[in-house]
Amino acid sequence: MVFAHLFFDYKLLRGFEGSKYVGFRWFERLFSNPNLLQYILNTLKLNLSALIFLFPLPMIFAILLNELRNLRFKKTVQTLSYLPHFVSTVVLVSMIMTIASPSLGLLGKWARAAGQTPINYLADPDYFVLVNVVSGAWQSIGWDAVIFMSALAGIDQGLYEAARIDGANRWKQTLHVTLPGLMTTFVLLLIMRVGQMLSVNFEKVYLLQNNLNLSASEMLPTFVYKTGMESRNYGYATAAGLFNSVISLVLVFAANHISRRVTDISLM
Amino acid sequence: MTQQAIKKRKRGDFIRRSLGEKTFDVLNILLMLALVCFFLFPILNMLSISLSNEYAVLRGDVTFYPMGINLQAYEQIFSHSTLWQGIMNSILVAGVGCVLSIISLSVAAYPLAFGDFYGKKLYNVLILITMWFNGGIIPTFLTMSRLGLHNTHWALIFNTMITAYYVVIVRSYFESLPSSIVESARIDGANDFRILFQLIIPLSKPVLATVSLWVIVGHWNDYLNALLFIADRSKYTLQLVLKEMVLNAESSVYAISMSGGTDTVGAAALGQQVRNAVLVVSMIPMVILYPFVQRYFITGVTLGAVKG
């Protein structure tokens, strides 16, 4: 039902009865859009870079945190680490703008102190992926580590004792007991993350966009939003949105399938 | 259980640590301290700018502590009605949304945990599939418009009222309760509504507290839905107001008009301070909730991870 707009030149006030049936016109227009390939590439670039860097980091952070001997210090670090999770996207983006500002921000100040010209990170398409990954790391490492911390607590302590008796040092224990113990959690979360990959990043990317970095920051979801809400072209936007959903569904099934083949762990 | 496990591990640690392990411990502590700085610095920077005097702000000198305390920015925002209107709207949405979410999540999870009926599996799949597949931005917007909910706070509340992930978490908690209490209540003649509202919900306070805090934080920080559904300025929620005041501030009239206007240098600096002060104020409710929240959050996430 909700996808019926795909085949109409839909006008909000007139409803379906008053709108013209246009068949597959929106799909034809979408696939003949010369920028479509760039939007897809940007979508994949932004999300894959975030996935590759931000997915293993929380696990490494959790393992290192777990190695701390002082319990109070460990708890304090963990509590502070997920504070950024509660910062809203709007606040996050304005923090990025303040800190990255070449004239007033911290990064500019440090660059000048080191004798370099400050870089305007938000005006340069080449740095957009970096900004996205670093701010994502700031916001998600601590929170995502919570799940790994609870998985770590679930590993049988007897395994560590057995490893110690066999003469394994802490590095060997981590390699042969901790990592295999976290494997299932890691793979399941990875599959879920792949499925949500194309839909989670919208707010931040949309707010960080400006005319100067558009060539790197325009991705499918922001294109959908602009077409639908700013140009009010509902049918075209729905077609582009459906295309995005289909890509993510394909990705989640592919990830699930590969994981079942390789590691025998799967969602469904 | 975590505590116990750690104690046990410490007891087993009677072997003297080698030099390599000691080096690792020191490096690990240093790395953790560096990470704490990474997590805290942006927030400290924001707080410091909002409290510093304007010359330090304009020179870009402010780092992680205020330079020359100046509360002018906070005085300015206290008289700013748009901001307070936004905060009130957000409190309204978060409060009503939280109550409705808790009721509907419990009602959705109850049959999954205790029910035995034809089509239970289908019901389960229909809820879970929304975790990965939904109509997308535009169809959601059009559906809400056709329902006559556009430009109402109800659109924000209904759109996120039942989230599949939360249903899963509430269901796993319900399943962990002994099913014999449900059976004995049924034998005593209680119907399902009575069992749910008078027995199960009071027993599930920890998980319901976790989820209601999630829902509140979600509403408080939500930007996308408010952007889609709210058109009137008087109905703007906090994040929309923040976006207007802070991100559009370079060109907007807010910063200038709020600083009195005549002194342009002061205006530019105060603009910076006001912007950061607004952000700080928007985070205060979350900071107040945080100590309560973080204790419950861990239980909640753990539940979801173990049984999800």
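In this predicted model, A:Ala62 touches A:Ala145, A:Phe148, A:Met149 and A:Leu152, leaving out residues up to four places away in sequence. A:Ala62 sits in helix α4 of chain A, residues 56–66. The complex carries an ipTM of 0.80 and a pTM of 0.82 from the predictor.

**Around A:Ala62**
- Is A:Ala62 buried or exposed? A:Ala62 is buried, because 25 other C-beta atoms lie within 10 Å and the cut-off for burial is 20 or more.
- A:Gln78 is 16 residues from A:Ala62 in sequence. The C-alpha atoms of the two are 8.9 Å apart in space.

**A:Phe148 and the nonpolar core**
- A:Phe148 is in contact with A:Ala62, and also with A:Pro58, A:Met59, A:Leu182 and A:Thr185, setting aside its neighbours within four places in sequence.
- The largest nonpolar core has 118 residues. Which of them touch the most other members? They are A:Phe148, B:Val170, B:Val211 and B:Val278.
- Helix α8 of chain A, residues 128–153, gives the most to this core, with ten residues.
- Chain B contributes from two domains: at least three residues come from each of domain 1 (10–70) and domain 2 (73–308).

**Interface**
- On chain A, 62 residues are in contact with chain B; on chain B, 55 residues take part.
- The side of chain A that touches chain B divides into 36 nonpolar, 19 polar and seven charged residues.

**Chain B fold**
- Chain B has 16 helices and zero strands.
- Of its 308 residues, 35% count as buried.
- Among contacts in chain B with a separation of 6 or more, 72% join residues 24 or more positions apart.

**Helix α9 of chain B**
- Helix α9 of chain B covers residues 164–176, which makes 13 residues.
- From first C-alpha to last, helix α9 of chain B reaches 19 Å, close to the 18 Å expected at 1.5 Å a residue.
- Buried residues in this helix are B:Tyr166, B:Val167, B:Val168, B:Ile169, B:Val170, B:Arg171, B:Tyr173 and B:Phe174.
- One of these, B:Val170, is also among the core residues that touch the most other members.

**Confidence**
- The pLDDT of chain B averages 79, and 81% of the residues score at least 70.

Methods. Residues are numbered from 1 along each chain as its sequence is written. Chains are lettered from A and ligands numbered from 1 in the order in which they are written. This is a predicted model: local features need pLDDT of at least 70, side-chain atom pairs count only at pLDDT 80 or more; totals for chains, interfaces and linings use all residues. pLDDT is the predictor's confidence in each residue, from 0 to 100. Two residues are in contact if their C-beta atoms, placed from the backbone, lie within 7 Å. Ala, Val, Leu, Ile, Met, Phe, Trp, Tyr, Cys and Pro count as nonpolar, Asp, Glu, Lys and Arg as charged, and the others, Gly among them, as polar. A nonpolar core is a set of buried Ala, Val, Leu, Ile, Met, Phe, Trp, Tyr and Cys residues joined through C-beta atoms within 7 Å. A residue is buried if 20 or more other C-beta atoms lie within 10 Å of its own, exposed if 12 or fewer, and partly exposed in between; C-beta atoms are placed from the backbone. Helices (H or I, at least four residues) and strands (E, at least two) are DSSP runs, numbered from the N terminus. Domain bounds come from an automatic or database domain assignment. The expected span of a helix is 1.5 Å times one less than its number of residues.
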